[in-house]
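Student: I'm new to this one and would like to learn how to read it. Could you take me through it feature by feature?

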Amino acid sequence: MTDAERVAAARAGDKRALARLVTAVEDPRPAAAPRRAAILAALADRPLGRVVGLTGAPGVGKSTLVGALAQALLSAGETRVAVLAIDPSSPVTGGALLGDRTRVRFAGAEERLYFRSQASGAISGGVARATHHVCRLLARLFSTVVVETVGVGQGEIEIVRIADTTWLVLQPHGGDAVQFMKAGVMELPDGFVVSKGDLGAAAGATAAALTSALGLIAPGAAPRPVIVTSAVTGLGVAELAAAIAAGPRGRLLAKEPGLFERWVLDEHGAAGLRRLRTLAPTTAAYLAACGGLEAAQLAFAGADR
Amino acid sequence: MATEPPPEPGFQLTDAGGAPTRDAPWIFRTYAGHSSPRASNALYRDGLERGQTGLSIAFDLPTQCGYSSDAPIARPEVGKVGVPINSLDDFHVLFDGIPLERMNTSMTINGTAMWLLALYVALARERGVPEARLRGTIQNDIVKEYLARGTYIFPPAHSLRLVAETYEYCVDRLPEWNPSNVCSYHLQEAGATPVQEVGFALATAVDLLDRIAARGRIDRAAFARCVGRLSFFVNSGIRFVEEMCKMRAFAELWDELTRSRYGIDDPKLRLFRYGVQVNSLGLTEAQPENNAWRILIEALGVTLSRKARCRALQLPAWNEALSLPRPWDQQWALRLQQILAYETDLLEYPDLFDGNPVIAAKTQAIADGARAELEQILAMGGVQAAIEAGYMKQALVRSMTERITRITSGAQPVVGVNRWTDGLASPLTAGGDGGVFTSDPAAVEQALAALDETRRRRDPGQVAATLAALVLAARRGDNLMEPSIACALARVTTGEWAEALRGVFGEYRAVTGVDGQRLDLPDERAAALRAQLEAFVAAHGRRPRLVVGKPGLDGHSNGAEVIAVAARHAGWDVIYAGIRLAPDDIAVSAVEEDADLIGVSILSGSHLELTAQLMAALAARGGADIPVVVGGIVPKADLPRLTELGVRAVFTPADFDLAAVLARMAELIGGSAAA
């Protein structure tokens, strides 16, 4: 089957073809970039769906929440929902154990859902390098793409660079909120979820404390939602789905300049960034001039040599 | 059949003149049940006819996991490893002609233990038998289900509530019933050493009693009686001297613990009461007739010492490693017990080992080790914290790995497996049936027809009302026994009872032992395995993706977990799909994840049906090209059929060398993952 045939099949809902395309766009090797560009170009006529990031410390209940959330999004009227769940790779063996499917219970016959696991590779920040590429593909085929990040340490919320909206999941009495505040990243999420709401009053108390703390961080700013959920009882999940569905979508392309700068920084360092400034007035202009992300990466790397 | 219940095991029997003659024997049981209530009833009546003195009921996996026989996930498993029970109507058939008031009935049931007890009580009520006369045991040890066996339904806190409530109900209403068996049995099957077995079991018992005490629903005297009813279900392995010492250590520690921790003064309530199923782990597929001797020796370990003699014994059949036993195999196992109890002079003496310094020292060593193990777990915050921290699971995996290493290296001789492997063919397996039992597929239809009949005849209004009352009681935190009995009487089905409570408690989907589990292959072999994958990584620019899952309801997750963890160690990206999956769930996972290989583990005997369904589902979803390997207890006779279905490799208990398994898996993807 050619990629063109796979794209046609994936448009028609064929998950096998889609899965092969995901593998293709994930390929990190420079030689794979033209193939990725071609696949994405073949889907450029489709509107961009919404990319939602779900992040938080390990063990706060992200995976369990994702399962309930995906169902709730469909019930809230989303036509097709994809989940991309990222798990850490072993630094020693390179292998990964991707266990999130066990927490997510989709009926096998639910054709409107697609679930994909991704190993984080060696990249920090809770997001694999290939995450962006997979989002570029999935957002063309799904109305909402939920990205569940690796349980991050409290210093980084890398997913905000990709997602239209990012939700930080906290657990009752976890003390996470304080750590995130210390790290200065509480400004980044668009909303907050306090999980394990079935544990009783603790979740409500944590949510209240969080709401008042957020008021202190950004006084006068529009209040950001804080939703108490329980994947066990279903508490708050529909509310979260509604909040997500009411939020922005389709900004993935607008975020490409930022991601390109990040790529330049990773691959070519601060000197690379300075050089980028000399090549075009804005990064967006550079991308446009080169004809897209892959072409820009190729051009930039070529100019470097 | 006896007109009176048999005397309590260990009770001194007397002659006509009142002089003591010998001890009453332990209860003879045979773990049995399959196909349908009708077929199983015939089995039980035959067993009792032949001199069995108690029943031991094996339930099928749907019943254990809270599904009715007609649920889609249940269908391949109905009647496979035990009897399907859908409603009280099935219990009437199962116990037809068996007087409950004279029976001692053991039910191996955990996730749905309260439901099966409710059915038993409801049956007694409809028959007019006073509840107080019911004697028997429900296994009801949910902790080891999370650890090793996998037939849990609800999250731990809710499951443990149900266990506590059965105690609170039974303590006054069914005073001679054992509301749970703390099972160290499955720990040994999962690799536990004697010290771990005793230590972990005591920690589980402490957790349960502490929980009941903390709930404060019963008074001090009733609590003491709960302590007295807590019983154990223990394993007995081939090292029978050590096993006997283990039982003596168990009894000593229990006496000590119930006195010091719970202040129980009455020595009768501190008695260590236990039933046994001897070791299945050590039974071999090779030269299976040798298992008859192993079973005999293992029975000695739990009967020789009067002080630590079991209350009930069930022996596996010699061919258990091959299949479920046939009636004759079970009769042969029962005869062993009868000879031991009635022909020999074993029951005529007081304890044979008191004062023996070798036994005393060994017992002391096990007791000391187990005490330290118990203290360690209590220091971690108790058994639940220890499970969540992965402490027990990791300890078990380590012990199991060491055991396998000893067998592989030949340091631990296993006759017919790593020593004296050449032998004459056994006439026992030469019969027309190959020495194995095959279940009757028509019996399943019988079970389904009975379920339809129950649904047709019952009063739907009463069903809805009793289920609503159950849900309300569950929400309010009331004891659920009486509402469950009301459901039973209204002909609520097993699936409906469990589903109603799932709605309140939620459903627990554990990653079981995978989270935080580590498994170390020897470095040089792991390095060789990783090197084997490098060609793949170079060709594809990524790591190979392996989907691992368990189709069907069998929850013995160790095998799948060990493979998942070992494969990661060897450099695979492993997508662990979990347990209790419909074959189609695995096909969906494999297709969506673009798997390079699928590994499924099946121990329930349903491998042919489940594999056929998996292959069909893969084909339907466009994943027919993804290679599949199967691990589990697969009789040799089934290998050609699995190959025919398209399975690329089958790993059985004979393939205990993990590195070799992983090497074979790497070979399979050598050229199969097209770009």
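This is a predicted model: local features need pLDDT of at least 70, side-chain atom pairs count only at pLDDT 80 or more; totals for chains, interfaces and linings use all residues.

Student: Okay, so is Pro47(A) buried or exposed?

Tutor: Pro47(A) has 9 C-beta neighbours inside 10 Å, so it counts as exposed. You'll find Pro47(A) in the loop between α3 (33-41) and β1 (50-55) of chain A. In sequence, Pro47(A) and Ala24(A) are 23 residues apart, and their C-alpha atoms are 21 Å apart in space.

Student: What about Ala616(B), over in the other chain?

Tutor: Ala616(B) has 15 other C-beta atoms within 10 Å, so it is partly exposed. Ala616(B) sits in helix α23 (residues 607-620) of chain B. Look at Ala587(B) too: it is 29 residues away from Ala616(B) along the chain, with 9.0 Å between the two C-alpha atoms.

Student: How many residues does each chain give to the contact between A and B?

Tutor: Chain A gives 32 residues and chain B gives 35. On the chain A side, the elements that give two or more residues are α2 (15-26), β3 (96-98) and β4 (113-119). Of these, α2(A) gives the most, with seven residues. By class, the chain A side has eleven nonpolar, ten polar and eleven charged residues.

Student: And which strand of chain B pairs with β3(A)?

Tutor: That's strand β14 (residues 573-581) of chain B, which pairs with β3(A) in the parallel sense over three bridges. To spot the pairing, find Leu97(A), which stands opposite Val574(B) in β14(B).

Student: Now for the inside. Why look for nonpolar residues there?

Tutor: The general idea is that in soluble globular proteins, nonpolar side chains tend to be buried together. Here the largest nonpolar core has 270 residues, and Leu69(A), Val145(A) and Val574(B) touch the most other members. Helix α4 (residues 113-127) of chain B gives the most to this core, with eleven residues.

Student: Which residues is Leu69(A) in contact with, leaving aside its neighbours within four places in sequence?

Tutor: Leu69(A) is then in contact with Val146(A), Val237(A), Leu240(A) and Ala241(A).

Student: How do I read a pair of packed helices?

Tutor: Look at the angle and the spacing of the axes. Helix α9 (residues 256-279) and helix α10 (residues 283-290), both of chain A, pack at about 100°, with axes 11 Å apart. That angle makes α9(A) roughly perpendicular to α10(A). Among the residues making the contact are Phe260(A) and Leu276(A) of α9(A), and Tyr286(A) and Leu287(A) of α10(A). The contact of these two helices has seven nonpolar, one polar and two charged residues.

Student: Last one: in what order do the strands run in the open sheet of chain B?

Tutor: The sheet has five strands in the order β4-β5-β6-β7-β8, and the pairing is parallel. At the edges are β4 (31-32) and β8 (177-178) of chain B, each pairing on one side only. Zoom in on β5 (residues 55-58) and β6 (residues 104-108) of chain B, which pair over four bridges. There you can see Ser56(B) opposite Ser106(B) in β6(B).

How values were computed
Residues are numbered from 1 along each chain as its sequence is written. Chains are lettered from A and ligands numbered from 1 in the order in which they are written. Two residues are in contact if their C-beta atoms, placed from the backbone, lie within 7 Å. Ala, Val, Leu, Ile, Met, Phe, Trp, Tyr, Cys and Pro count as nonpolar, Asp, Glu, Lys and Arg as charged, and the others, Gly among them, as polar. Two strands pair if DSSP finds at least two bridges between them. A nonpolar core is a set of buried Ala, Val, Leu, Ile, Met, Phe, Trp, Tyr and Cys residues joined through C-beta atoms within 7 Å. A residue is buried if 20 or more other C-beta atoms lie within 10 Å of its own, exposed if 12 or fewer, and partly exposed in between; C-beta atoms are placed from the backbone. Axes are lines fitted to C-alpha atoms, for helices over the stretch in contact, and angles run from 0 to 180 degrees between N-to-C directions. Angles under 35 degrees count as roughly parallel, over 145 as roughly antiparallel, 65 to 115 as roughly perpendicular and the rest as oblique.
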